Amino acid sequence: MTARGDGAVPGGARGTNAGRQVRAVRLGTRSVAALALVSAIGVAAFGWPLLADSASGLAHSADAPWLFAALLPLLLAVVVATIADTGIGAKAVAMLGVLAAAGAALRPLGAGTAGIEPMFFLMVLSGRVLGPGFGFVLGVVSMFASALLTGGVGPWMPFQMLSMGWVGMGAGLLPGADRLRGRGELLLLAGYGAVASVLYGTVMNLQGWPYLAGMASGVSFVPGDPLSHNLARFVAYCLATSLGWDLPRAVVTVVLTLTLGRTVLRALRRATRRAAFDAPVAFREP
C-alpha cells in the first residue's frame, strides 16, 4: 500500500469547507500548555518592573533584564519544537518558510523609520487565515530571520520574537474566522492591526525602560518605587520616546490592510485550500 497525501479534495467537500478556517498547525494539549507557559513568563519578563513588590530583591536587581533575555530564547525554542512535534506537517513548514521569508524581507523596507514597518499587516493576515498556532510560530520565526537579515541581534531580540508571536496568535483568535468576510473582516483586521501595532511598541518599551534605572530623568525606572509612581514615569516615557513610531506603524498597518488585505486574504486562502492541511491520508493498492 502507498500513502496518498497529495491534498486532493473532492469537489463537494471543497465547496462545503471553503469558508472554514484552516488550522495549518493543530494545537494539542502540550502545545497549548507550552504557549500558556511561555506567555506567562513573557508577561513577567516584560512587566517585572511594575509587577515586582518594592520589598522584593527583584525590584532592586539590575540583572533581571539580562536573566529574562537569556531565558526567553530557550523557552521560545521549546515552544516551537513542541508545536512542530505535535501538529505541524511538511506542507505547513513549507508555507511557514515562504511567509517568514516574506515577513523578514518586508521589515528592512522601512527599517523602523518613523514606524514604517509593513511586516505587521502580513503577520495579522496570515494569523487570521492559518490560525493562532501558525500565527505564533510565524511571528517568532519571521522576527528571528529579520533580525539576522538586518543585524538586529541583541538582548531585545527574544522580546521582539515573543511580541510578534503574540501579534500573529491574536489575529488567529479573532472572532468570525469561519463566517466573517468582505469589508467587515477587513475593518476587524485593520482595527486589530492598529491596536496590536501600538501595543507592540508599548511592551517593547517595557523591555528597554529598566535600563534607564538610575539616570537623572523624570521618565526613568526607579527600582523599589510604588507602582503608581513607576507607571506614571512609564507612560511619560512612552509619550516622549515611542509614540511617534507606534502611531505611524498603526496607520501603515491599517492602510495596507484596507488596500491590499482582500487580495492577500484571497491568495492565502487559495493556497491553504490547495495545500489541504486537513485532508485525511488515504491508502490505496499500488
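**Figure 1. The buried pair E185 and R128.** In this predicted model, E185 and R128 are both buried. The two residues form a salt bridge, with the closest N and O atoms 2.9 Å apart. This pair links distant parts of the chain: E185 belongs to helix α8 (residues 183–208) and R128 to helix α5, and the two are 57 residues apart.

Figure 2. A network of salt bridges links R128, R181, E185 and R269.

**Figure 3. The salt bridge between R249 and E117.** The side chains of R249 and E117 meet in a salt bridge at 2.8 Å, N to O. R249 lies in helix α10 (residues 243–275), whereas E117 lies in the loop between α4 (90–110) and α5, so the pair ties together parts that are 132 residues apart in sequence. R249 has a relative accessible area of 6% and is buried. E117 likewise counts as buried, at 8% relative accessibility. The structure holds five salt bridges in total.

**Figure 4. Helix α5 and the residue that follows.** Helix α5 spans residues 119–130 and has twelve residues. From its first C-alpha to its last the helix reaches 16 Å, close to the 16 Å expected at 1.5 Å a residue. α5 is mostly covered, with twelve of its twelve residues buried. Just after α5, G131 adopts a positive phi of about 100°.

**Figure 5. The chain that surrounds these sites.** Ten helices and two strands make up the elements of the chain. From the N terminus on, their order is β-α-α-α-α-α-α-α-α-α-α-β. The chain has 286 residues, of which 44% count as buried. Among contacts between residues at least 6 apart in sequence, 82% join residues at least 24 apart. The chain exposes about 13,300 Å², and carbon and sulfur atoms supply 69% of this area.

Notes. Residues are numbered from 1 along each chain as its sequence is written. This is a predicted model: local features need pLDDT of at least 70, side-chain atom pairs count only at pLDDT 80 or more; totals for chains, interfaces and linings use all residues. Side-chain values use heavy atoms; hydrogens and water are left out. Helices (H or I, at least four residues) and strands (E, at least two) are DSSP runs, numbered from the N terminus. The expected span of a helix is 1.5 Å times one less than its number of residues. Buried means under 20% relative accessible area, exposed over 50%, partly exposed in between (1.4 Å probe, protein chains only). Contact means heavy atoms within 4.5 Å. Accessible areas come from the Shrake-Rupley method with a 1.4 Å probe; for residues, only the protein chains shown count as cover. A salt bridge is a side-chain nitrogen of Lys or Arg within 4 Å of a carboxyl oxygen of Asp or Glu.
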